Amino acid sequence: MNKTRPQTDTDPASKERLRLWLRFLKASRAIEAQLRENLRVEFASTLPRFDLMAALSRYEDGLKMSQLSGVLKVSNGNVTGIVDRLAEDGMIVRVPVPGDRRATLVRLTTRGHEEFAIQAAAHETWINDMLVDFSGQEARDIAGRLEQLDTSLQEKTK
């Protein structure tokens, strides 16, 4: 079997891009860890619950479980347990889909909308506090560059 070693890039920018990736990763993990802790302490909740409620808040008519999994980019199995617990807590409701006995829509209840609004406001404050060292313009510029990166990566996977 002939194994070839990857060529080492002699471009000095290559190492800088690697460092940039590692800094992105470190910052993302730190922000996520703080958000998880804040949700746990202030709302006795979790980031997956928050993410699921955030997704449903954008779809007034609700989503099928498969659609919800797609929006969240996780498996149906991951979503089911969270949906079950949120339903038990009165935050969401399952509604049958007319003409499809096997499918149900999941949507936020009035209580779920109210609770999500409170959590979303806190979430925005936490993010603002963590990123306060960036001006509004710097945040827009960085967000724009990251959007360009995302678009570039999406095109490369097509």
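**Close-up views of a predicted model**

**View 1. Leu52 and its partners.** Leaving out residues up to four places away in sequence, Leu52 touches Leu68, Leu72, Val79, Ile82, Val83 and Leu86; contact here means heavy atoms within 4.5 Å. Please keep in mind that this is a predicted model, in which local features need pLDDT of at least 70 and side-chain atom pairs count only at pLDDT 80 or more, while totals for chains, interfaces and linings use all residues. Residues are numbered from 1 along each chain as its sequence is written, and side-chain values use heavy atoms, with hydrogens and water left out.

**View 2. The largest nonpolar core.** A nonpolar core is a set of buried Ala, Val, Leu, Ile, Met, Phe, Trp, Tyr and Cys residues joined through side-chain atoms within 4.5 Å, where buried means under 20% relative accessible area, exposed over 50%, and partly exposed in between (1.4 Å probe, protein chains only). The largest such core holds 23 residues, and those touching the most other members are Leu52, Leu56, Leu68, Val83, Leu86 and Ile92. At least two residues of this core come from each of α1, α2, α3, α4, β3 (100–108) and α5. Helix α2 supplies the largest share, 7 residues. The element names follow DSSP runs numbered from the N terminus: helices are H or I with at least four residues, strands are E with at least two.

**View 3. Helix α2 and its start.** Helix α2 spans residues 47–57 and is mostly covered, with 8 of its 11 residues buried. The buried ones are Leu47, Arg49, Phe50, Leu52, Met53, Ala54, Ala55 and Leu56. Where the helix starts, a side-chain oxygen of Thr46 comes to within 3.2 Å of the backbone nitrogen of Arg49.

**View 4. Two loop residues with positive phi.** Ala44 sits in the loop between α1 (12–43) and α2. Its phi is positive, about 50°, although Ala44 is not a glycine. Is Ala44 buried or exposed? Ala44 is exposed, at a relative accessible area of 69%. Lys73 lies in the loop between α3 (65–72) and α4 (76–88). Lys73, also a residue other than glycine, has a positive phi near 60°, and Lys73 is exposed, with a relative accessible area of 72%.

**View 5. Phe43, Gln119 and Asn38.** Phe43 belongs to helix α1. Neighbours within four places in sequence aside, Phe43 is in contact with Asn38, Glu115, Ile118, Gln119, Ala122 and Trp126. Two of these partners deserve a look of their own. Gln119 is placed in helix α5 and counts as buried, at 3% relative accessibility. Not counting residues up to four places away, Gln119 touches Leu39, Phe43, Ser45 and Phe50. The side chains of Gln119 and Glu115 make a polar contact of 2.8 Å; a polar contact is a pair of N or O atoms within 3.5 Å, where within protein one must be able to donate a hydrogen and the other to accept it, and residues adjacent in sequence count only if both atoms are side-chain atoms. Asn38 is placed in helix α1 and is buried too, at 13% relative accessibility. The side chain of Asn38 is joined to that of Gln34 by a polar contact of 2.8 Å. Beyond four places in sequence, Asn38 is in contact with Phe43 and Trp126.

**View 6. The largest pocket.** On a 1 Å grid over the protein atoms alone, a pocket is an open set of points where a 1.4 Å probe fits, with protein on both sides within 12 Å along at least five of seven lines; lining residues have an atom within 4 Å of a point. Grid points are joined across faces, edges and corners, and a volume is the space filled by probe spheres set on the points. The largest pocket holds about 620 Å³ of space. Its lining has 19 residues, of which Ala27, Ser28, Ile31, Leu131 and Leu146 are the closest to the centre. Helices α1, α5 (110–130) and α6 (136–156) each give at least two residues to this lining, with the largest share, 7 residues, from α1. By type, the lining of the largest pocket divides into 14 nonpolar, 4 polar and 1 charged; Ala, Val, Leu, Ile, Met, Phe, Trp, Tyr, Cys and Pro count as nonpolar, Asp, Glu, Lys and Arg as charged, and the others, Gly among them, as polar.

**View 7. The second largest pocket.** About 160 Å³ of space lies here, lined by Arg17, Leu20, Trp21, Phe24 and Leu149. Helix α1 gives the most to this lining, with 4 residues.
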